[in-house]
Amino acid sequence: MIQFTRDLARRWLEALLHVHDTPERTAAAYALGVFLGFSPFLGLHTLVAVILAFVLNLNRVAVLMGVYSNLPWIIAGYYAFTTMMGAAILRVTPPPGLSDSLRDLFHQSITTSLFWHDVVRLLRPLLWPYMLGSLIGAAVLAAAAYRVALEFVLRRRRHVALHQKHDRPS
């Protein structure tokens, strides 16, 4: 799975580097995608990213690559951490026995209305901490992503230009 992800990222990076945008716009597109990918609007990431990429005329590959950097094996930990960070900032105490209640919840069928009623009841006190924490986390990650992507694009373009210069016949 990790090799598949690496190969996919490598192919996207190659496609990303063959665009005619400035490195700053390419890095900004990627950073926007990272922001959206880690934002609190779980489930709407791709739709919002595609719309914004078209509206802002940004590199769609870079935006989507940023969105998909929120991988399935980190998503739960990220949102748990940022929600708890938001709770600390807002001074909201998580409901007592939250982890036990969540564990018990998954003994129910997710197709019943009781399951969804219990989800809302359990998580309602954490809505604002979730929103604030994941927005802060998304902003921090997007800022870091911009710097890393900009440096990567600049170095890669220098590397390609250097090799093209040396590969030309005299």
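**Notes on a predicted model**

1. Let's start with S39: at a relative accessible area of 1%, S39 is buried (buried means under 20%, exposed over 50%, partly exposed in between, using a 1.4 Å probe and protein chains only). You'll find S39 in the loop between α2 (23–37) and α3. S134 sits 95 residues away along the chain, yet the two C-alpha atoms are 5.6 Å apart.

2. A quick word on ground rules. This is a predicted model, where local features need pLDDT of at least 70, side-chain atom pairs count only at pLDDT 80 or more, and totals for chains, interfaces and linings use all residues. Residues are numbered from 1 along each chain as its sequence is written, and side-chain values use heavy atoms, leaving out hydrogens and water.

3. Now look at I51, which belongs to helix α3 (helices are DSSP runs of H or I, at least four residues, numbered from the N terminus). I51 counts as partly exposed because its relative accessibility is 46%.

4. Which helix gives the most to the nonpolar patch? That's α3 (residues 45–55), with four residues.

5. Finally, the largest pocket holds about 600 Å³ of space (a pocket is an open set of points on a 1 Å grid where a 1.4 Å probe fits, with protein on both sides within 12 Å along at least five of seven lines; lining residues have an atom within 4 Å of a point; the volume is the space filled by probe spheres set on the points). Of its 19 lining residues, Y79, T83, L102, L123 and Y130 are closest to the centre. Helix α5 supplies the largest share of the lining, six residues.

Key
Helices (H or I, at least four residues) and strands (E, at least two) are DSSP runs, numbered from the N terminus.
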